[in-house]
Amino acid sequence: MLILDKLRLLGQVGLELLMSLGRSGLFLTQLLIRKPQFKRSFPLLIEQLYFIGVLSLVIIALSGLFIGMVVGLQGYNTLNGFGASEQLGQLVALSVVRELGPVVTALLFAGRAGSALTAEVGLMKSTEQLASMEMMGVDPLWRVIAPRFWGGFIAMPLLMVIFSAVAIWGGYLVGVVWLGVDGGTFWSAMQATVNFNDVVNGIIKSIVFGGVVTWIAVFQGYDTVPTAQGIGLATTRTVVYSSLAVLGLDFILTAVMMGGW
Amino acid sequence: MSNLVNIQGLYFNRSGRTIFSDIDLNISRGKITAIMGPSGCGKTTLLRLIGGQLKPKRGSIYVDGQLINRLPRTRLYEIRRKMGVLFQSGALFTNINVFENIAFPLREHTELADFMIRDIVLMKLQSVGLRGAKNLMPNQLSGGMARRVALARAIALDPELIMYDEPFTGLDPIARGVIVKLVSDLNQALGITTILVSHDVKEALSIADYIYVIASGKIIGQGAPEKLREDKNPEVQQFLRGLPDGVVPFHYPAIDYTQDLLS
């Protein structure tokens, strides 16, 4: 009887997971196949780019600076042991452009903008704002969700570029200004080894992460149980699912980009 | 056609619980029809079914001759422009002020110039007595004011049908009186067909032309207020008189009390 109960519970959890995946898939499809209304959507998109992108700039830039400085310091100490400290520029740039930039930006984005999106949409649902919009003949998927989704999708790669630039500058501050690595060597090593593909691959990663994190965030808000506890749980789920999705997808994308798959 | 809303054989269930079991209901044009019943009997669900936000399991819901539960999404959104809904919470958009809340449906559905939208918004606010509050944010409004603003927003597009979801709940006597007057005035002045969902007997009976009483998924009583007051059905009388125990029991169904204590 106990085993049967556990099997039943397992089945129930599995079914709920599949249903949630189905709902989120339908939700994304409805978002993507919508007929664009550029003239009316543009101001809404700009507004969301401000809330999602511009207001995330400080945390992204500061994190980029500190991460670049740490990579610079760790890299210098390691490379110096082999007498190769002039390769610091290469190490910092490749680490940041290929991996740290897209991944850390996405994780910070999930924590800052993703959770805010879920809480905002969830609260709009629980206070019947989405329902009232529907009853006014205005589709909330078009009016509320789509600008937020596309705002996140566009903001993420831009934030990643800013993060990477600031991180490289942080590495430069530690390596060149503080520890005395030659500035010309720092930049030339970077120029010689970082190729265009590295930059493009980093941007591709951040575009994928932007889409996935924002999709998770708006869906969790839209699908939340409209109670205080429900919104809290949905916000937590956004951060957890987004972080896991980013790390998992990063491995898959890296493997594909390096030709290992 | 004298009925704006016509419901036939409506069956709806949720989470294994039957909410409506084959009910028939008509809403006359230009009249105030009250839907009454105890909490949890499905009054709000009925409004959502009429608005097409929920689909019935069986039966048909016609609004202005259109079978609402079979309409494609775009047609459904079009017909909703003829409806106004006053939600229990007001459901004002919290990130914009009172003026913009009322301008919202006008900006979404019309190409009117800004000065015309301004005039319409001011007229709507004047009709609910809140023109002076146009620059306030929703969190600066009292419960009664928020509901009046929501009412102004609901009538912004001059709907043919307006649905009130528990408009008197949680209001002080003055605010309650104001809402009663507004519901009645809007119906009489503009001829808007009105569906009033409420469990406030006194207020509903004072303004409704026709009343349906719903309980346990069925319509247990209907008629004009004076006719309903004389209804012999004990369930209707228990509801109208607010008796704590009767056909609708005080206790939620449970196993025997003694057995429960000793188990």
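This is a predicted model: local features need pLDDT of at least 70, side-chain atom pairs count only at pLDDT 80 or more; totals for chains, interfaces and linings use all residues.
**Entry 1: chain A as a whole**

I began by asking what chain A is built from. I found nine helices and zero strands. Reading along the sequence, I wrote the pattern down as α-α-α-α-α-α-α-α-α. Next I looked up the extent of the chain: along the principal axes, the C-alpha atoms of chain A fill a box of roughly 65 × 60 × 35 Å.

I then turned to burial. Chain A has 261 residues, and 41% of them are buried. I also checked how far apart in sequence the contacting residues lie. Of the contacts in chain A with a separation of 6 or more, 87% join residues 24 or more positions apart.

**Entry 2: a pair of helices in chain A**

Here I picked out helix α4 (residues 88-126) and helix α9 (residues 228-257), both of chain A. How do their axes cross? They come within 9 Å and cross at roughly 150°. An angle over 145 degrees counts as roughly antiparallel, so α4(A) is roughly antiparallel to α9(A). I noted the crossing of the two as right-handed.

Which residues meet there? On the α4(A) side I listed several, among them A:V103, A:L107, A:G111, A:G114, A:T118 and A:G122. On the α9(A) side the residues include A:I231, A:T235, A:T238, A:S242, A:V246 and A:D250. Sorted by class, the residues of this contact are 10 nonpolar, 10 polar and one charged.

**Entry 3: where chain B touches chain A**

Now for the two chains together. I found 15 residues of chain B in contact with 11 residues of chain A. Which elements of chain B give two or more residues to this side? They are α2 (73-80), β6 (83-86) and α3 (98-109) of chain B. I also sorted the chain B side by class, and it came to seven nonpolar, four polar and four charged residues.

My last stop was helix α1 of chain B, residues 43-50. Which of its residues are buried? I noted B:K43, B:L46, B:L47, B:L49 and B:I50. I then read on past the helix: α1(B) is followed by B:G52, and the phi of B:G52 is positive, near 80°.

Technical notes. Residues are numbered from 1 along each chain as its sequence is written. Chains are lettered from A and ligands numbered from 1 in the order in which they are written. Two residues are in contact if their C-beta atoms, placed from the backbone, lie within 7 Å. Helices (H or I, at least four residues) and strands (E, at least two) are DSSP runs, numbered from the N terminus. Ala, Val, Leu, Ile, Met, Phe, Trp, Tyr, Cys and Pro count as nonpolar, Asp, Glu, Lys and Arg as charged, and the others, Gly among them, as polar. Axes are lines fitted to C-alpha atoms, for helices over the stretch in contact, and angles run from 0 to 180 degrees between N-to-C directions. Angles under 35 degrees count as roughly parallel, over 145 as roughly antiparallel, 65 to 115 as roughly perpendicular and the rest as oblique. A crossing is left-handed if the near helix is turned anticlockwise from the far one by less than a right angle, and right-handed if clockwise. A residue is buried if 20 or more other C-beta atoms lie within 10 Å of its own, exposed if 12 or fewer, and partly exposed in between; C-beta atoms are placed from the backbone.
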